[in-house]
Amino acid sequence: MTDRVYPSSKQPTNGTAPTTTSAAAAANPSFPATKSQLYGASRPLYRPQTKRHRYRRSCCCSCCLWTTILILVLILLVAIAGAIFYVLYRPHRPTFTISSLKVSTLNVTSASKVITDIHLNVTAKNPNKKLVYIYDPITISLITNDEIDIGEGSLGSFVHGNKNTTLLKAAITSSNRQELDEASAGKLRSGLKSKKGLPLKMKLDTKVKAKMGALKTPKVGIRVVCEGIKATAPKGKSATIASTSNAKCKVDLRLKIWKWSL
């Protein structure tokens, strides 16, 4: 009887052909990912930036440039207008002189209070042919060279016509009877006793605007300072006339930001 040999159910370990699964694994071996692959997987995609910031910057530069050009053009136009105005009107400053200063009362009491009664005449001249000055109410003060207040007065508003001379009259008093300190009172008493007279100066403050036909300028503050006045105290009831022959007046523009001296 012939013996039959049956194949074993176990897969041969050596020398036999690999199965389908082992063949696929051999064909596509798996290796660990490299650093570049890991970095590329986690890095976001590159998206090119727009030129919005450059556009805004260029717009700002353009605005600054045009603003500067506009300001320069305005300055040039103002300068041209000023030159035309000067050629057409030839403006001149008004002048002020002290015509007379009559002292009726000027003394210092034992209580160091000043009593003043002074009558002041000021002549204002407008030398312009086409320019009219319009003055607001005027305040006047008399002080010594040591800045001791003697008295105050006021003048009403008025229109100063072209080529016009106006006489301004004011009363300077010290109705409030300002009390002085001992040093100021002593200086004032010695000045009143001096034979040369008491040196005084007048301050006139107001606002004025100019008119040229239908055109009017804005109001500006002015201060008139007159120095060189010498007053003597009256003796008895007769008033004395102060010396004003050497008095000189100066006009200053009183602006908020700066001051121009005329």
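Analyst: What follows is a series of questions and answers on the terms used for this predicted model.

User: What makes up the secondary structure of the protein, and how much of the protein is buried?

Analyst: The protein has 4 helices and 13 strands. Of its 262 residues, 27% are buried. Among contacts between residues at least 6 apart in sequence, 65% join residues at least 24 apart.

User: Why are C226 and C249 called a disulfide?

Analyst: A disulfide requires two cysteine sulfur atoms within 2.5 Å. The sulfur atoms of C226 and C249 are 1.9 Å apart, so the pair meets the cut-off. The structure holds 1 disulfide. The link of C226 and C249 is right-handed, with 110° about the S-S bond. Because C226 belongs to strand β10 (residues 220-231) and C249 to strand β12 (residues 248-254), the pair ties together parts that are 23 residues apart in sequence.

User: How do you know whether C226, C249 and C64 are buried, partly exposed or exposed?

Analyst: Buried means under 20% relative accessible area, exposed means over 50%, and partly exposed lies in between. C226 has 0% and is therefore buried. C249 has 26%, so this residue counts as partly exposed. C64 has 51%, so this residue counts as exposed.

User: Where is K248, and what makes K248 exposed?

Analyst: K248 is placed in strand β12. Its relative accessibility is 68%, and the cut-off for exposed is over 50%, so K248 counts as exposed. The C-alpha atoms of K248 and C226 are separated by 5.3 Å, although the two residues are 22 residues apart along the chain. Leaving aside neighbours within four places in sequence, K248 is in contact with V225, C226 and E227.

User: Why are D136 and K219 said to form a salt bridge?

Analyst: Side chains of opposite charge can pair when their charged atoms come close. The cut-off between the nitrogen and the carboxyl oxygen is 4 Å. In D136 and K219 the closest N and O atoms are 3.2 Å apart, so the pair qualifies as a salt bridge. This pair links distant parts of the chain, 83 residues apart: D136 is in the loop between β3 (132-135) and β4, and K219 is in the loop between β9 (215-216) and β10. K219 is partly exposed, at 46%.

User: How many salt bridges does the structure hold, and what makes the pairs of K201 with E147 and R223 with D205 qualify?

Analyst: The structure holds 3 salt bridges. For K201 and E147, the closest N and O atoms are 3.0 Å apart, which lies within the 4 Å limit. K201 is in strand β8 and E147 in the loop between β4 and β5, 54 residues apart. K201 counts as buried at 12% relative accessibility, whereas E147 counts as partly exposed at 47%.

For R223 and D205, the closest N and O atoms are 2.6 Å apart, again within the 4 Å limit. R223 lies in strand β10 and D205 in strand β8, so the pair ties together parts that are 18 residues apart in sequence. R223 is partly exposed at 22%, and D205 is partly exposed with a relative accessible area of 22%.

User: What is noted about phi of E147 and of K163?

Analyst: Phi of E147 is near 65°, a positive value in a residue other than glycine. Phi of K163 is near 50°, likewise positive in a residue other than glycine. E147 is in the loop between β4 (138-144) and β5 (149-155), and K163 is in the loop between β6 (158-160) and β7 (164-173). At 56% relative accessibility, K163 counts as exposed.

User: Which residues have the most contacts inside the largest nonpolar core?

Analyst: They are L101, L120, I140, L188 and M202, in a core of 43 residues. Strand β8 (residues 198-212) gives the most to this core, with 7 residues. Leaving aside neighbours within four places in sequence, the contacts of M202 include I98, L120, I140 and C226.

Key
Residues are numbered from 1 along each chain as its sequence is written. This is a predicted model: local features need pLDDT of at least 70, side-chain atom pairs count only at pLDDT 80 or more; totals for chains, interfaces and linings use all residues. Side-chain values use heavy atoms; hydrogens and water are left out. Helices (H or I, at least four residues) and strands (E, at least two) are DSSP runs, numbered from the N terminus. Buried means under 20% relative accessible area, exposed over 50%, partly exposed in between (1.4 Å probe, protein chains only). A nonpolar core is a set of buried Ala, Val, Leu, Ile, Met, Phe, Trp, Tyr and Cys residues joined through side-chain atoms within 4.5 Å. Contact means heavy atoms within 4.5 Å. A salt bridge is a side-chain nitrogen of Lys or Arg within 4 Å of a carboxyl oxygen of Asp or Glu.
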